[in-house]
Amino acid sequence: MTHPVFTLHRGHRPLLVSVPHAGTALPLDQQPRYTERALRVEDTDWCLDELYAFARDLGASLIVPRHSRYLIDLNRPPTDAPMYPGANNTELCPTRNFEGLPIYRPGQAPDAAEIARRREHYWRPYHEALAAELARLRTEHGHALLFDGHSIRPELPWLFDGRLPDLNLGTADGQAATPALRDALREVLAAQDRFSWVVDGRFKGGYITRHYGQPAQGVQAVQLEMGWQCAMDEAMPAQGEPRLDAARVARLQPVLDGLLRTMLAHGAAR
C-alpha cells in the first residue's frame with residue numbers, strides 16, 4: 001500500500017514493524033523555514049527501512065513514513081506531552097535538534113495552526129494506518145505484535161549523559177508487553193556478546209510503544225533504540241547521507257532476526 005505519507009507492506013503473520021523516524025522528506029513549501037544545517041535532517045533514523053526489509057521475508061508487515069521527524073514526530077503524542085518528564089525532550093513538531101540547536105530560522109518555527117495542520121496531514125494518516133494494521137492482525141490471528149525500530153547517535157549530551165548501550169530495548173517498564181515476552185527478548189540480547197544492551201533503560205519506548213502496547217487487549221509492543229555504530233558510522237558524513245556498513249550489518253542482522261523471530265514464536269505459543 002502506497003500513500004503520500006507512508007508505505008505499508010502487509011504481511012501474513014501477526015507482527016508489524018514500524019520505523020517512524022526513517023523518513024527524510026521535507027515539503028518544498030516548508031524548506032525555507034529551516035536552517036541550512038537542518039535541511040540535512042541529521043537526526044533521522046537512517047536506513048532503517050533497508051535494515052528491517054528482511055522482516056517482510058519473515059511474513060511481517062512493515063510501515064515506513066516518507067517525511068522527516070523535523071516536520072512532525074510520529075512517535076510523540078498528539079497532545080505534545082513530553083515523553084520523558086524532567087529531561088530535555090523534542091516536541092511533536094521539533095524546534096531543536098538533538099544537540100539542542102534551533103532547526104528553524106528566526107521567526108519561522110510553526111505556530112499552533114501550522115502544528116495542527118501537520119498533525120492532521122501527516123501524523124494522523126500514519127497512525128490511522130498503523131492502528132488499522134494492528135486491528136487486522138489481531139482479527140486474523142487473535143493477537144498482534146508491534147516492533148518499533150529506532151536508531152540514534154550514541155553520545156548526545158543534550159538528551160542523555162554518557163554513552164548509550166548499543167541496543168536499548170523498551171517495553172514501557174513492562175506495561176507494553178507481557179513479562180514472558182520481555183524475558184524472551186532479554187534472553188536473545190543476553191545470548192550474544194557483540195553488542196552492549198539494556199532493557200527499559202533511558203529509552204523505555206515512545207508514544208507508539210506506550211499507546212499501542214496493550215497486552216490485555218491482545219497487542220504487545222516493544223521498541224528497539226540502537227546506536228548508529230551498530231550498522232554504520234556514528235557520525236554524519238561531511239557530504240551526503242549515512243550509508244549502512246555491510247560488515248557491521250552482517251554482525252547485527254542475526255540479533256535483529258532473533259528478536260523478530262522470538263516475537264513471532266512467543267505469539268504462536270499463546
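1. Buried here means under 20% relative accessible area, exposed over 50%, and partly exposed in between (1.4 Å probe, protein chains only). The model is predicted: local features need pLDDT of at least 70, side-chain atom pairs count only at pLDDT 80 or more, and totals for chains, interfaces and linings use all residues. Residues are numbered from 1 along each chain as its sequence is written, and side-chain values use heavy atoms, with hydrogens and water left out.

2. Rings of Phe, Tyr and Trp (its six-membered ring) pair if their centres lie within 6.5 Å; planes under 30 degrees apart count as stacked, over 60 as edge-to-face and the rest as tilted. By this rule there are six aromatic pairs.

3. One of them is Phe-6 with Tyr-126, edge-to-face, at 6.4 Å centre to centre and 85 degrees between the planes. This pair links distant parts of the chain, 120 residues apart: Phe-6 is in strand 1 (residues 6-9) and Tyr-126 in helix 2 (residues 112-141). Helices (H or I, at least four residues) and strands (E, at least two) are DSSP runs, numbered from the N terminus. Phe-6 is buried at 2% relative accessible area. Tyr-126 is buried too, at 0%.

4. Phe-160 and Phe-203 are edge-to-face, because their planes lie at 85 degrees, with centres 6.0 Å apart. Phe-160 is in the loop between strand 4 (144-152) and strand 5 (167-170); Phe-203 is in the loop between strand 6 (197-199) and helix 4 (207-212). Phe-160 is buried at 6%, and Phe-203 at 9%.

5. Phe-203 also has a charged neighbour. The charged end of Arg-202 sits over its ring, 4.8 Å from the centre (NZ of Lys or CZ of Arg within 6 Å of the ring centre and within 35 degrees of the ring normal).

6. Tyr-52, Phe-54 and Phe-147 form one aromatic cluster.
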